Amino acid sequence: MKTEVFIMEEDSIDVKGIKRGAEIINNGGLVAFPTETVYGLGANALDEEAVKKIFIAKGRPQDNPLIVHVNKKEDIYNLTQDISEVAKKIIDEFFPGPITVILNKSTCIPNVTSAGLDTIGIRMPKNEIALKIIEESGVPIAAPSANISGRPSPTDVKRCVEDLNGRVECIIGGNNSIVGVESTIVDCTVEPPCILRPGKVTLEELKGVCEEIYIDPAIMKKPSETLKPKAPGMKYRHYAPNAQVKIIKGNLDKTIAKINEMLLNYIDEDKTVGILATDETKENYKEGIVFSLGSRTDLNVIAKNLFETLRTLDDQKVDIILSEAFDEVGVGVAIMNRLNKSAGFDIIEV
Ligand code: TXA
Ligand code: MG
């Protein structure tokens, strides 16, 4: 199929592009669009046939439910039932923003959207283009990240085109995603609420509105028979570039020494190596293709650059990516969750 592409900016929206995108959504087609976290691949969440196309376009496993996006808080109430007091507090505090709440779904949500679950993830993005498309189409929009399943999520339009050109009716490009990792997912159907996927909205921030809340213990460890993540999508290999990723974790000087040692061994084996470094460390690597994700003093920048840098290293056809580790505080929890998964939990402690 021929993919229509519209490029605009949040502060200069192309109304024609939005109208065309909304028309395609209303006709049961697929439209990729920017959000503040990552780009999404949208379809009318209430149209079973349209939603099925998302799974085909991405090659997504059928048992992995979608997040439904709304442009106003009132709409949450038609799509869900029995919203708890704590869920209301989270919505009041953090919507619109980089967070998804899992609620009990109402009967209008087709099974294919929720992958057969009785619950549904709801999110109100904080991105003018996304909000306008939802508003103009007048329906809730189911949207997973706009990547081929398993790959790092796209944070700019050229990566959407790379993955989805010819597979979807329309791609709307806007500013690059400012957060860079997908939304924090909070299951509000259990007491106390549970974080199923860490993101920009941190545990500490959520503690400001919830008396009790915890992170699903399965998401920071290698999944096993006894330790299964509660979000279906978190069990799959994910965020993975083609290259093999290895994380070197521990004291920074020892990390640098270990990476340099591994680097030389791989070069001896004729392997091309990419290094995920930081502003503070990048000068210490004498070989390999070195990229800084940003300064260690601002984890938000590291999060913003993570997926794009993994994809850039893939473009350079590296065989191995050696990554430094980050402190698991604030958004660092999300960064390490994505990195661990992209590495298949291949972590070398120093
Ligand atoms: O930031 C985001 O959330 C992006 C943008 C486009 O909004 N979307 C996104 O969707 O990351 P996706 O499909 O790539 O990831 C959704 C995750 C999956 O791991 C899925 O299993 C989980 O959310 N999920 C969705 N509905 C759920 C439910 N009812 N219960 C548990 N987990 C759920
Ligand atoms: Mg995804």
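Before the first pair, one term: a crossing is called left-handed if the near helix is turned anticlockwise from the far one by less than a right angle, and right-handed if clockwise. Please also keep in mind that this is a predicted model.

By that definition, helix H10 passes helix H11 in a left-handed crossing. H10 covers residues 299-315 and H11 covers residues 332-342. Their axes are 9 Å apart, at an angle of about 20 degrees. Angles under 35 degrees count as roughly parallel, and H10 and H11 are therefore roughly parallel to each other. On the H10 side, the contact is made by Leu-299, Ile-302, Ala-303, Leu-306, Phe-307 and Leu-310. H11 contributes Gly-332, Ile-335, Arg-338, Leu-339 and Ser-342. Sorted by class, this contact has eight nonpolar residues, two polar and one charged.

Now the second pair, H1 and H6. Here the angle is about 55 degrees and the axes are 8 Å apart, which makes H1 oblique to H6. Their crossing is right-handed. Ile-18, Lys-19, Ala-22, Ile-25 and Asn-26 of H1 meet Ile-129, Lys-132, Ile-133, Glu-136 and Ser-137 of H6. That contact has five nonpolar, two polar and three charged residues.

What else do the buried residues of H6 pack against? Besides H1, they pack against strands S2, S4, S8 and S9. The buried residues themselves are Ile-129, Ala-130, Leu-131, Ile-133, Ile-134 and Ser-137.

Last, the two ends of H6. At its start, a side-chain oxygen of Asn-127 comes within 2.9 Å of the backbone nitrogen of Ile-129. Just after the helix, Gly-138 has a positive phi of about 75 degrees.

Notes
Residues are numbered from 1 along each chain as its sequence is written. Chains are lettered from A and ligands numbered from 1 in the order in which they are written. This is a predicted model: local features need pLDDT of at least 70, side-chain atom pairs count only at pLDDT 80 or more; totals for chains, interfaces and linings use all residues. Side-chain values use heavy atoms; hydrogens and water are left out. Axes are lines fitted to C-alpha atoms, for helices over the stretch in contact, and angles run from 0 to 180 degrees between N-to-C directions. Helices (H or I, at least four residues) and strands (E, at least two) are DSSP runs, numbered from the N terminus. Angles under 35 degrees count as roughly parallel, over 145 as roughly antiparallel, 65 to 115 as roughly perpendicular and the rest as oblique. Contact means heavy atoms within 4.5 Å. Ala, Val, Leu, Ile, Met, Phe, Trp, Tyr, Cys and Pro count as nonpolar, Asp, Glu, Lys and Arg as charged, and the others, Gly among them, as polar. Buried means under 20% relative accessible area, exposed over 50%, partly exposed in between (1.4 Å probe, protein chains only). A polar contact is a pair of N or O atoms within 3.5 Å; within protein, one must be able to donate a hydrogen and the other to accept it, and residues adjacent in sequence count only if both atoms are side-chain atoms.
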